[in-house]
Amino acid sequence: MSTLIAEPLTAEAFAPFGDVIELAGSPDLIINQGMCGRHHDLALLDFGTGRAAISLFDGKPRQFPYLLDMVERHPLGSQAFLPMNNIPLLVTVAEDGGGVPVNLRAFLTAPGQGINLHKGTWHGVLAPIGAQGLFAVVDRVGAGENLQEHWFDAPKTVEAPK
């Protein structure tokens, strides 16, 4: 069984897989009579021929070491996870190697960080760490098969960041 060490989520490290959605730097606009900073267009949302839907995911808590036995991907649209209760999220992702996931990586979000997985990115299932996690999810709905799963022959173990 192979082991991955989760690393802190950063925009640079996560860029091949998607976008980190967080407050960083100064707002792009000041709106609402000067009382609100708008940090604009933080993720590349792609719904192909479908449409955007907003759902709430109420995920059961997981813990380290975490056993990763399956990843999935959505070939027809992106998928964004926005935390609603600041519970850390374990995000496992992989590159595509001819239709199978390769070069797995694991990230752990900090409070206030969300993610947007680009269309076709292999990723693990929702895994809030330590407590029940509530997430707003923006993803594609519409015609077509938008879920592919890959089950590993041997599970991978994901350890907490060092």
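Strands here are DSSP runs of E with at least two residues, numbered from the N terminus. On that basis T92 sits in strand 9, residues 90-96. This is a predicted model, where local features need pLDDT of at least 70, side-chain atom pairs count only at pLDDT 80 or more, and totals for chains, interfaces and linings use all residues. Residues are numbered from 1 along each chain as its sequence is written, and side-chain values use heavy atoms, with hydrogens and water left out.

**T92 and its surroundings**
- T92 counts as buried because its relative accessibility is 3%; buried means under 20% relative accessible area, with a 1.4 Å probe and protein chains only.
- Leaving aside residues up to four places away in sequence, T92 touches L68, R105, A106, W122, H123, G124 and V158, a contact being heavy atoms within 4.5 Å.
- Strand 9 is largely enclosed by the rest of the structure, because five of its seven residues are buried.

**Partners of strand 9**
- Strand 10 (residues 101-108) runs antiparallel to strand 9, with six bridges joining them; two strands pair if DSSP finds at least two bridges between them.
- Across that pairing, E95 faces V102 of strand 10.
- Four residues separate strands 9 and 10 in a hairpin, and G98 in the turn has a positive phi of about 65°.
- Strand 12 (residues 122-123) also pairs with strand 9, antiparallel and over two bridges, with V93 opposite H123.

**Strand 7**
- Strand 7 (residues 66-73) is mostly covered, with six of its eight residues buried.
- Seven bridges link strand 7 to strand 14 (residues 148-159) in the antiparallel sense, and V71 stands opposite H150 there.

Definitions and conventions: Buried means under 20% relative accessible area, exposed over 50%, partly exposed in between (1.4 Å probe, protein chains only).
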